[in-house]
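I set out to record what I looked up in this structure, entry by entry. The sequence and the model come first.

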Amino acid sequence: MPTELTVAGKVITYFTADDVVPPDSGARFDRLVDARLAKHPRLRRFLVRLRPGWPAFYYVLHWSNGMDLAALDGRVIAGTVTEEEFSGALVGEFLDHVCMECGAHFEVVALEGGVLFTADRQKRISEHTFVESCPFCGASLRRLVLEILT
Ligand SMILES: [Zn+2]
C-alpha cells in the first residue's frame, strides 16, 4: 500500500518497489516508465500535492549514497522510517534528453527544481553523485542528471 509520509515539511505519498501508483491519482506519468522506475535500486516514486486541491505530481526520490531502498521500504511499511533516512535524497523527474554534441536521445531522471529539500538544496547537491557525461560520446550532459535509464 502507498504510504503517506511527511518529508521536509510536505506530505508525500511514498511508493515502495511493490506499490502501484493508482490510476485515479490524477498525476500525469507514463505507465511503462513507472514500471521501470518501480524497482530501481536508487529511486523511489512519490506523489505530492503542492497545494490543497491541486492535482498530485509524480516525482522520484534519488539516493547516490548506497542507501538500501528495499530496507527503507520495509521501514516505511513498518512505520519506523525517520526523516533522517531522506537526508541523502534529492528529487528527480523523468525527462527525454538529447545530447547537444552527438544528438543521441535517451531517458534520464534529472534533478527537479524545488518540490522538496529547498532549505538545504546546495548541501544535498554537493554531496550527491550525478551522471556527468553522455554514454554515447562522453560530452557533458549540461544538466544535473541523477540517472540514465536507457
Ligand atoms: Zn553524446
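The entries below go from the whole chain to single residues.

**Entry 1: ground rules.** I note that this is a predicted model, in which local features need pLDDT of at least 70, side-chain atom pairs count only at pLDDT 80 or more, and totals for chains, interfaces and linings use all residues. I number residues from 1 along each chain as its sequence is written.

**Entry 2: the whole chain.** I looked up the elements and found 3 helices and 8 strands. Helices (H or I, at least four residues) and strands (E, at least two) are DSSP runs, numbered from the N terminus. From that end, I read their order as β-β-α-β-β-α-β-β-α-β-β.

I then checked the overall size. Along the principal axes, the C-alpha atoms fill a box of roughly 45 × 35 × 30 Å. The radius of gyration is taken over C-alpha atoms, and the globule rule is 2.2 Å times the number of residues to the power 0.38. For 150 residues a compact globule would have a value near 15 Å, and the chain, with 15 Å, agrees with this.

I also looked up contacts, where two residues are in contact if their C-beta atoms, placed from the backbone, lie within 7 Å. Of the contacts with a separation of 6 or more, 56% join residues 24 or more positions apart.

**Entry 3: the sheet.** In what order do the strands stand in the open sheet? I read E1-E2-E3-E4-E5-E6-E8-E7, with antiparallel pairing. Two strands pair if DSSP finds at least two bridges between them. Strand E1 (3-7) and strand E7 (131-133) are at the edges with a single partner strand each, so one side of each has no neighbour in the sheet. The twist averages 50° from one strand to the next. For such angles, axes are lines fitted to C-alpha atoms, for helices over the stretch in contact, and the angles run from 0 to 180 degrees between N-to-C directions.

I followed the pairs in the middle of that order. E3 and E4 are antiparallel over 6 bridges, and Leu47 stands opposite Tyr58 in E4. E4 and E5 are joined by 4 bridges, also antiparallel, with Ala89 in E5 as the bridge partner of Trp63. E5 and E6 pair in the antiparallel sense over 7 bridges, and Phe94 has Val109 in E6 as its bridge partner. The hairpin of E5 and E6 has 6 residues between the strands, and Gly103 there takes a positive phi near 80°.

Entry 4: A residue is buried if 20 or more other C-beta atoms lie within 10 Å of its own, exposed if 12 or fewer, and partly exposed in between, with C-beta atoms placed from the backbone. By this rule, 24% of the 150 residues are buried. E4 is mostly covered, since 6 of its 7 residues are buried.

A nonpolar core is a set of buried Ala, Val, Leu, Ile, Met, Phe, Trp, Tyr and Cys residues joined through C-beta atoms within 7 Å. The largest one has 28 residues, and Phe46, Val60, Leu61, Val91 and Val109 have the most contacts inside it. E4 gives the most to this core, with 5 residues. In soluble globular proteins, nonpolar side chains tend to be buried together.

I looked up one of these residues, Leu61. Leaving aside neighbours within four places in sequence, Leu61 is in contact with Leu43, Arg44, Phe46, Phe86, Ala89 and Val91.

**Entry 5: two further residues.** Is Pro52 buried or exposed? Pro52 is exposed, because 5 other C-beta atoms lie within 10 Å. Pro52 lies in the loop between strand E3 (43-48) and strand E4 (57-63). Its C-alpha atom is separated by 32 Å from that of His97, 45 residues apart along the chain.

Glu107 lies in strand E6. Glu107 is partly exposed, because 15 other C-beta atoms lie within 10 Å. Beyond neighbours within four places in sequence, Glu107 is in contact with Phe94, Asp96, Leu149 and Thr150.
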